[in-house]
Amino acid sequence: MKDPAVIEYDSVRETIGGLIAEPGFSDGDNLVGLGLDSLKIMRLVSRWRKAGVKVTFAEMIAEPTLSSWMEILRRKAGIGAERAVPASPLPQRTQDEPFPLTDVQYAYWIGRRDGQPLGGVGCHAYLELDGEGVEPDRLAGAWRTVLAHHSLLRAAFLEDGRQLVLPEPASEELIVHDLREADAGTVADRLERLREELSHRRFAVEQGRLAGLELCLLPDGRTRLFFDIDLLVADVQSFCIVLRDLSAAYARGVVPPAPEAWRFSDYLARKDARDVADRERDAAYWAGRLPELPGAPALPLKRNPEEVLRASYRRRLCFLPAGTWRALKAEAAAHEATAAMALLTAYAEILDRWSSVPRFFINLPLFDRETGEEGLEDVVADFTNLLLVDVDCTEEKPFLGRLRDVQSRFYENVAHSSYSGVRIQRDIARMRPDERFIAPVVFACNLGNPLLTQECRETLGRLHYMLSQTPQVWLDFQMYETEDGGLALAWDTAEELFAEGLIDEMLHAYGRLLEWLAADAAHWECVPDVLPERQRERRGRDRALALPAPEETMHGPFFARAAEAADTVAVIDGLSGERITYGELAGEALRTAALLRRRGVERGTPVAVTLPRGREQIVAVLGVLAAGGFYVPVSPSQPLARRERIHRKIGVRFVLSRTDVLDAASLPSGAELVDIAERHAVVPLAEPAAVAPDDLAYVIFTSGSTGEPKGVAIEHRSARNTIADINGRFHVGEGDACLAVSSLDFDLSVYDIFGMLSSGAAIVAIGEAIRRSAGDWRRIVLEYGVTVWNTVPILLDMLLVDAEAHGSRLPLRLAMLSGDWIGLDLPQRLKDAAPGARLIAMGGATEASIWSNIMEVEAPIPAEWKSIPYGRPLSRQSYRVVDAKGRDCPDLVDGELWIGGAGVARCYLGDPELTAQRFRNIDGMRWYRTGDLGRFWPDGTIEFLGRADSQVKIRGHRIELGEIEAALKEHPLVKDVVAMPVSGARGIRRLGAYLVLREPVADEEGLFRALEACLRDRVP
């Protein structure tokens, strides 16, 4: 051993005693609980290793007691310590030779350059001290002394990525601003301008300019000192040392105590040679973990960081009172954890709640200057190493359980910190090249190191303001203890990244969490809920508005209106112009109902409706409901195999169609064709059969991820709630007409039919021949005075293209769009083509009765909108944005959209397992998990963000890509397939697929025809 005295019991005990606040500790006391934090333990390990005892951090932290450590030290000192191979002598350097940058220095040096994302700024610390009577000449002399004494304050950073210590300081002398005679307004303005100028400045480090000092002389003998430094040459301890030495030189004329001959280059060379084996071991450890490592927390950013080439930083502060801080430290110690670990865990909880992914890195600067070298605690240099702590908040846990997880991961990672976090980030970037920001959220623990000495406060002034900035960092959390024994929590953020108020709410929630932990020891055993109270209250108010659905049936208002106003036009044939009145339509519906009842339809019987578009389709659904059954739209164009699956899934016995549309022989066993043409020979029912509002009205089948369609079962009252809300909001009634463009198996048709017929308005029906003919739509809209448009966005786009081409002014007063993304150009184009029209954006799910949210959009739209938002919930409905743990997401945080309230479907008919997965009953309210992603804006507006799974919407139809893939895989030549949406002209989306074949084929066109036939037989 080089120095056996270092590991003698008294020496070890004395060294530890100097690092904790309990000099009377016993040999069995947990030293971590007494305040011996990880960084101090790392320094002790370094001290003992330099003495020749090859202990590791991992084995010391495993059982942190003096008795255990002494056993380890004695054992390691006696095994192989003397046989260590001596290090090769290091080459002698002169002070003026360039030497390499550390990993961290290099990252700062690259990041500060122009053109780098979140670059263009130095890694920079800035503070202001408010004092009295500071003398400029004395201060200037003290400043010269400090600059000349610390060699790294004379360093220049060369273009080749090395550093060179210059013979003389290049940083400017003290600058003095004399404002003693200025008025208050002038003083305030000048101080503000100085802060703006100095707090974000980027020093010319290539010239050796690394630090600045300016003094403002103010009225009444007051002073303000401005100090800033580039952290290429100073870690946090060095920052404090400069201020300590400056105040000592000013007050007492003393020279800084750091050894003048000390060289950072020699220190780095010795450390590099000493750490070779550790670095190789740790590199292997991180290489083994590389594939599983996470990245940055997915915080809600208002801009892509790669678009921000020069960031401006702002500090926000939160203070813990002394009593709260003492209580928090005591509780941490009681759980054998440091206060720093409790603060880190609480930070992880906040980041998790505001992140849309539960696994992420927190970046911890380790200020691990190695002790044992004389004078090392007094030198100025950047000894920073970065430690990445990967946090996993996938499971909801009590705070103490989370603390144990974070502590365990921290201990394991810090035991392998010879391989720096900078290198780990480079390795991840090589593996995931599209990921530019790996660990941009920082936790910089400065506990135990007072920022200002008492002498500094008394001579130069007390802290007034401070700010730090680091290239490529989003959020930098720093903490320091205040003079009164409290704790200051400082969050420095790149302002371009975050929406107004977001960071304030996160920091406030962090402070509240710490207060909660300090208030009661039992809270450590509880799962914390850090959702801001204001947001919690708003969510509660919104849910309270989700009242029960109205006790009405979907078809009841139509038959009531038919009795009152039988001669009002109900349906217009868009091609022939034929009109049918409410009374006539009711008569036909009641005849159809009588036909169905005669065949055996009863209350609650499913009836498939397989008819082309037009008047008869409308008669059919009204007839089914009047017979007491519920209708199941099954388009004649549906593939036979899919129709059979639908019939089988819900036990369809009756299929209402026509013999020229559907061959009875094609029906599955047990199903029978009811020819709607036979209604004319039947005596109508006197009135609709009795049904209840909670009976089923319809079942619409949507795409399923396994290839099995899902039957969404909607009750009368649920659909009636949506229809009544829309008609009431927009005063839909007699005089209005809607062009029925949507197919019956798409739930927009429910409003086209029942929205119009429940209000006295008319339906303008079209046939299959013109279902995609925008020119015919335009002609019909103009000829019959259509006022209400209700389609997916692409169909309005088609209408507007045709209207624009013909210079037509459309009579629309209401354009309701839903089912897909709404082009940002549509509001203005609609305004131009139909000046009197209101554009209403809506959304929701088939499982929530047509629509659940609404947003009126006026042109021009706000410039910052990237898409048309969802808006607010409809009446008696509610939304949640939920994370993977089932918690409400804070404002602006992405999560899954859940719809609750009156519109939620009863179930997926015939699929109890899927129903249990997607529908939840919570606190007396029924919720549907949509699988859509969204978020709340601070004003309560809902923004839709897309899908969380493989489901897509094409022209408003929900399509599970898995259903397409499953169908294609049934072809014998297809080994594997990936289906995906592709964009064509004007952003119109279509479906495409990539195929892997089992063997090459010569006739590709023949294969494509076979695949098309395969799809036609299996999917809509």
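Two strands count as paired if DSSP finds at least two bridges between them. Keep that in mind as we look at this predicted model.

Me: In the open sheet of 5 strands, which are the edge strands?
Reply: The strand order is E5-E6-E7-E2-E12, and the pairing is mixed. An edge strand pairs on one side only. That gives us E5 (175–178) and E12 (462–469).

Me: What angle does the direction of helix H7 make with that of E7?
Reply: Helix H7 takes in residues 184–198 and packs on the sheet. H7 touches E2, E5, E6, E7 and E12. Another helix, H6 (residues 136–149), lies across E5, E6 and E7 and runs at about 175° to E6. For H7 and E7, the angle is about 10°.

Me: Which element gives the most to the lining of the largest cavity?
Reply: A search of the whole structure turns up 6 cavities of 30 Å³ or more, and the largest holds about 100 Å³ of space. Two helices each give two or more residues to its lining: H20 (615–626) and H23 (748–757). With 3 residues, the top giver is H23.

Me: How many charged residues are in the lining of the largest cavity?
Reply: The lining includes Arg 613, Ile 618, Ser 742 and Asp 752. By class, there are 5 nonpolar and 4 polar residues. Arg and Asp count as charged, and the number of charged residues in this lining is 2.

Note on methods
Residues are numbered from 1 along each chain as its sequence is written. This is a predicted model: local features need pLDDT of at least 70, side-chain atom pairs count only at pLDDT 80 or more; totals for chains, interfaces and linings use all residues. Side-chain values use heavy atoms; hydrogens and water are left out. On a 1 Å grid over the protein atoms alone, a cavity is a set of points where a 1.4 Å probe fits but cannot get out, and a pocket is an open set with protein on both sides within 12 Å along at least five of seven lines; lining residues have an atom within 4 Å of a point. Grid points are joined across faces, edges and corners, and a volume is the space filled by probe spheres set on the points. Helices (H or I, at least four residues) and strands (E, at least two) are DSSP runs, numbered from the N terminus. Contact means heavy atoms within 4.5 Å. Axes are lines fitted to C-alpha atoms, for helices over the stretch in contact, and angles run from 0 to 180 degrees between N-to-C directions.
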